[in-house]
Amino acid sequence: MESENISAQTPARITFSKADPAGFAQEVRRDVNEYFSSRGLSPNANIAMVLKSVTLLSLMVVPYLLVLTTHFSTIELVGLAFVMGVGVAGVGFSVSHDALHGAYSSRPWLNTLIGCTFELVGANGYMWKITHNVIHHTYTNIQGMDEDLEVSPLLRLSPNSELHWFHRYQHFYAFATYSLSTLFWVFIKDYKYFMQRDIGPYRGRSHPPGAVAGLVIGKALYYGLAFALPLAIAPISWLQLLVGFLIVHLTAGLILGVVFQLAHVVEGTAHPIPANSGAVGNEWTVHEMDTTADFGRRSALLTWYVGGLNHQIEHHLFPKVCSVHYPRISALVQAAAARHGLAYHDHPTLWGAIHSHYLTLRSFGRDALDARKMEARAA
């Protein structure tokens, strides 16, 4: 099998420059703080966010309750499963994500309670806070640290990761792979991370008994709701249940998998290689500007559904601000970036971002492999 490891050994400790010579970080934080204080607004959820949360939870819960209590044809069950999958992805984007970042409410207990919706979609909130809130948000697009670049060995999402012959074709099969993401999450991913001793920058990490108990209880609750309860009371066969379950997760997995990749693995975003000392060079805020992209900001429907994750630059700079506010503060961030000569990566449309991701996958696979072969021949 033809393969080539072109990635360098990632230092155990990554550091960012503390210097902000142009004052961008200070200025953009001041502008955003001024936006909220001058209007007397809370950076947390407002009534529009609450109504959206209720709507998305209903898209997930109502089809489930209908399946439990009403007889439907197979085609109707497929439709309900699809709607539920859309709801599962929406809850993950717009409800769980904000709460687990502590952005939904100023009350920690309420964020914790709302964050439990993550367990309702089959994932573990405790591990998400480690791999996403801490590791991904700190070490964005740094190979060997950012766990979001390690979604599958079938995919090469960084120019600094290992290159295999099959990556030549990844732009053809990647989207099908994304559709499996929540199935992998429900049955494998969380367990895998709990058993790993090394996660990103953490070495020999162990987890408190309460977190392990939370994993077991959360997964048991989800499996019970997904399989045991429907088989016990719903007027459906086990085969219909299995097909419906797969449709839910193939739908949610595709939506979630694609949207998260559009923020970082597109044309123009950087994939920095730390020095041997672990120094990245840029101040952290500038690093986030270099490695992150927005997309489809002008689409009210897209912004509503994905919880502002199409405003990913704003989310990375201000993860404690509820996503409902990102459309308003994005203009402030873009203006500050322009004043300081920093790139503001933005794809005007969703489809433009998807196309850019497709081209990036092709470049990281086929183009990189062809370049290595040419170098080998020249040598």
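This passage describes the overall fold of a predicted model, its last helix and its cysteines.

The chain contains 15 helices and six strands. Along the principal axes, its C-alpha atoms fill a box of roughly 65 × 60 × 45 Å. A compact globule of 379 residues would have a radius of gyration near 21 Å, and the value of 21 Å computed for the chain agrees with this. Of the 379 residues, 51% are buried. Among contacts with a separation of 6 or more, 75% join residues 24 or more positions apart.

Helix 15 comprises the 29 residues 350–378. At 1.5 Å a residue, this helix should span 42 Å, and the distance of 40 Å between its end C-alpha atoms agrees with that expectation. Buried positions in helix 15 include Ala353, Ile354, His357, Leu361, Phe364, Ala368 and Leu369. In an α-helix, residues three or four places apart point the same way, because there are 3.6 residues a turn. The cover over the buried residues of helix 15 includes parts from elsewhere in the chain, among them helix 7 (170–178), helix 10 (238–261) and strand 6 (345–347).

No disulfides were found in a search of the whole structure. Such a bond links the sulfur atoms of two cysteines covalently. The cysteine sulfur closest to that of Cys116 belongs to Cys322 and lies 18 Å away, which is too far for a bond. Cys116 is partly exposed, because its relative accessibility is 40%, whereas Cys322, at 0%, counts as buried.

Notes. Residues are numbered from 1 along each chain as its sequence is written. This is a predicted model: local features need pLDDT of at least 70, side-chain atom pairs count only at pLDDT 80 or more; totals for chains, interfaces and linings use all residues. Side-chain values use heavy atoms; hydrogens and water are left out. Helices (H or I, at least four residues) and strands (E, at least two) are DSSP runs, numbered from the N terminus. The expected span of a helix is 1.5 Å times one less than its number of residues. Buried means under 20% relative accessible area, exposed over 50%, partly exposed in between (1.4 Å probe, protein chains only). Contact means heavy atoms within 4.5 Å. A disulfide is a pair of cysteine sulfur atoms within 2.5 Å. The radius of gyration is taken over C-alpha atoms; the globule rule is 2.2 Å times the number of residues to the power 0.38.
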